[in-house]
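Dear colleague,

Please find the structure below, followed by my notes on its side-chain contacts.

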Amino acid sequence: MRSISVSSPGKVILAGEHAVVHGQLGIWVAVDKRLSITVQSVDKGLKIASSHDSTELAHYAIMKIGEIFGENIDCLEINIDSTIPVGSGMGSSAALAVALTGALTKYYKKPWNIDFINETALTIERKQHGTPSGGDNKVVTLGGFLKFRRQQDGTAEFEKITNYRKIENLIVIDSGKPKETTKEMVEKVTELYKSDQARFSSIFSRIGDISQSFCDYIIKKNEVNVGELIGENHRLLCELEVVSPKAQDIIKKIEQVGGHAKISGAGGFKEGSGVLLAFHKEPEKLQYLAELEKWKIIPVTLGAEGVRED
Ligand code: PMV
């Protein structure tokens, strides 16, 4: 009985969500929460078991991969095991698409081509996200820190940042699962943009400048005020109406103790906004506040490895 295991990381977005869909620079970072796929041959049928709510996307992904590979995907048992929170902006759907493509690539003995895995995963992501920038699946495939910009023709300009300066004192806090999908949030921002192009272009471009400042910090080691950049990005994301009152309230409390925070991902408006990236020079103050307020902290290490066979 053949068995293959492939895993891929989750991600956070340091800066640039939404603005990247409109041509600005964003910084994506792979984190050490992983989704793992095990593929095993069985006598007949196709069985999918998942530790989290992803079997519908997995069925769609398998159908697409079968089409692209020219294979009838059958006589397989596929197990999905993940520590990446679902639908919270940590890249769980991209991780699924990438790891599944990687596992089936190995299973059907296709060449391990990272660009092909990324492109296949992007095709799958389009079902979930409509017009994804491609940043999620790119960072989940490549790992590490990624400078990413989508060009007007839809192609991506990206650079994996090696030799980067570590950003200390960042904490991921869960503000609750959004009611809306990424697709809905991206469409909402695009509608806002169409209603006042001058105003929203300027917001997108200010967010792009923040991404650039982070690049200068982590690549060129320029001094910047990390907290202030996160705070300004948060205020701009509020203008895009992607931060819910609940998440705004959490962020206000973080600011009251001298910290800063922003959403990481598409956000959400009606209830939660997914995970928040929070910063404090004395992170134990955030930990203490989170305990007091009963917020869930998701411990992560930034810069995890991309898709790999385990
Ligand atoms: O999938 P999420 O929630 O991490 O959102 C991705 C970031 C967006 O910029 C909102 C969309 C995109 O495709 O880049």
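Glu 191 is partly exposed, with a relative accessible area of 49%, whereas its salt-bridge partner Lys 194 is exposed at 52% (buried means under 20% relative accessible area, exposed over 50% and partly exposed in between, with a 1.4 Å probe and protein chains only). The closest N and O atoms of Glu 191 and Lys 194 are 3.7 Å apart, where a salt bridge requires a side-chain nitrogen of Lys or Arg within 4 Å of a carboxyl oxygen of Asp or Glu. Please note that this is a predicted model, in which local features need pLDDT of at least 70 and side-chain atom pairs count only at pLDDT 80 or more, while totals for chains, interfaces and linings use all residues. Residues are numbered from 1 along each chain as its sequence is written, and side-chain values use heavy atoms, with hydrogens and water left out.

Glu 191 and Lys 194 are three residues apart in helix α5, about one turn of the helix (helices, H or I with at least four residues, and strands, E with at least two, are DSSP runs numbered from the N terminus). Helix α5 also holds Lys 183 and Glu 187, four residues apart, which form a salt bridge with a closest N to O distance of 4.0 Å; Lys 183 is partly exposed at 33%, and Glu 187 is partly exposed at 43%.

In the whole structure, 18 salt bridges are found. One of them joins Lys 106 to Glu 309 at 3.5 Å, N to O, and this pair links helix α2 (residues 92-107) with strand β11 (residues 308-309), the two residues being 203 apart. Asp 249, Lys 253 and Glu 293, for their part, are linked in a network of salt bridges.

Turning to the rings, there are five aromatic pairs (rings of Phe, Tyr and Trp, the last by its six-membered ring, pair if their centres lie within 6.5 Å, and planes under 30 degrees apart count as stacked, over 60 as edge-to-face and the rest as tilted). Phe 69 and Phe 116 are stacked, because their planes are at 20°, with the ring centres 6.0 Å apart; Phe 69 lies in helix α1 and Phe 116 in helix α3, 47 residues apart. Phe 69 is buried at 9%, whereas Phe 116 is partly exposed at 33%. Tyr 193 and Phe 204 form a tilted pair, 5.8 Å centre to centre with 45° between the planes.

With kind regards
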